[in-house]
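Please look over the model first, then read the points below.

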Amino acid sequence: MIVDCAIIGGGPAGLSAALVLGRARRSVLLIDDHKPRNAVTKAGHGYLTRDGIAPNEFRRMAREEASGYSTVRLRQGRVMTVESFPGRFRLRTEAGGTAEARTLLLAAGLKEQLPDIPGLKELYGSSLFNCPYCDGWELRDTPLVAVSTSNNLFHQAKLLLGWSRDLLVCTHGQGQLSGQQQQALEAHGVKIVRSRITAMEGSDGQLKAVLFEDGTRIARSGGFVTPEAMLGTPLGAQLGCAHDAVGAVMVDGYGRTTVPGVYAAGDTSGMSPSQVVAAAASGNRAAFGIGGDLAEIDFGGM
């Protein structure tokens with residue numbers, strides 16, 4: 001059977017799209033490897049009626065709702081290849097399974113690569129986080145650390161001052177702050193350390209201190225780290241979809257990529273901000289695009 005839409009990725013974007021398309025009486029197959037970006041996160045925030053919900057519980061509820069429609073099928077697996085044919089796509093999973101679909105939605109999100117700092121991984125998701133809008137409230141007015149090797153460190157530091165005035169900014173040996181930026185931050189009471197971090201010290205998920213290669217030890221109780229991010233699937237590039245300067249799949253307002261029949265939503269499409277509520281909205285918009293385009297095709301293009 002050829003389904004109307006195959007969705008790769010079962011996060012909030014993919015599941016929202018599946019729900020909308022299923023309710024539109026479009027046949028949907030959603031394939032997900034159950035390895036979400038926020039697997040270590042204990043609570044998600046900023047989503048009305050779901051503030052503080054555990055991400056795994058959110059996904060469980062969303063899967064239950066979507067699969068409650070006879071038009072939606074969920075399958076666990078990882079899609080390895082997609083072949084394009086006139087009017088259809090053939091997917092092959094890592095386990096050797098195949099499926100065919102008229103349209104394809106890429107919604108596998110991002111994968112994170114944390115800085116190689118001893119102790120960081122054990123604390124990530126408990127007292128060290130990525131997004132202050134998601135987790136800043138719980139760390140308000142505590143001694144914070146901001147770690148980034150990217151050029152967004154200056155903006156991140158200014159942002160974090162809204163949650164705590166006791167802020168330590170670390171470049172981890174990278175020159176991502178200009179002298180002028182450093183002076184501006186220090187004028188607001190921010191402490192800057194440019195030395196490489198040798199360890200994040202803590203226990204039971206709670207950060208205690210940051211250790212530096214020059215022997216300095218600075219007590220902290222939480223903070224924010226900017227990981228490197230990469231697309232959760234390379235299929236967009238394999239299919240020939242255009243990507244933007246930061247590597248995200250380029251889409252229009254309804255998730256259409258530059259390849260007919262291929263759509264993208266959520267972090268795959270470079271949405272901003274990178275939050276559950278935004279991803280869900282992105283999935284809804286893509287579903288509207290897919291449903292509308294299929295309706296035009298089915299009607300005969302008049």
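The structure holds 14 salt bridges. A salt bridge here is a side-chain nitrogen of Lys or Arg within 4 Å of a carboxyl oxygen of Asp or Glu. The model is predicted: local features need pLDDT of at least 70, side-chain atom pairs count only at pLDDT 80 or more, and totals for chains, interfaces and linings use all residues. Residues are numbered from 1 along each chain as its sequence is written, and side-chain values use heavy atoms, with hydrogens and water left out.

**Arg26 and Asp298**

- Arg26 pairs with Asp298 in a salt bridge, with 2.9 Å between the closest N and O atoms.
- This pair links distant parts of the chain, 272 residues apart: Arg26 sits in the loop between α1 (12–23) and β2 (28–32), and Asp298 in helix α8 (residues 276–299).
- Helices (H or I, at least four residues) and strands (E, at least two) are DSSP runs, numbered from the N terminus.
- Arg26 counts as buried, because its relative accessibility is 14% and buried means under 20% relative accessible area (1.4 Å probe, protein chains only).
- Asp298 has 44% relative accessibility, so Asp298 counts as partly exposed; that class lies between buried and exposed, the latter being over 50%.
- Both residues belong to a network of salt bridges that links Asp4, Arg26, Arg102 and Asp298.

**Asp33 and Arg78**

- The side chains of Asp33 and Arg78 form a salt bridge at 3.3 Å, N to O.
- Here too the pair links distant parts of the chain: Asp33 is in the loop between β2 and α2, Arg78 is in the loop between β3 (72–76) and β4 (79–85), and 45 residues separate them.
- Asp33 is buried at 18% relative accessibility.
- Arg78 is partly exposed, with a relative accessible area of 31%.

**Asp293 and Arg256**

- Asp293 and Arg256 form a salt bridge whose closest N and O atoms are 2.9 Å apart.
- Asp293 lies in helix α8 and Arg256 in the loop between α7 (235–238) and β17 (262–264), so this bridge ties together parts 37 residues apart in sequence.
- Arg256 has a relative accessible area of 31%, so Arg256 is partly exposed.

**Arg59**

- Arg59 lies in helix α2 (residues 55–67).
- With a relative accessible area of 14%, Arg59 is buried.
- Arg59 and Val3 are 56 residues apart along the chain, and 23 Å separates their C-alpha atoms.
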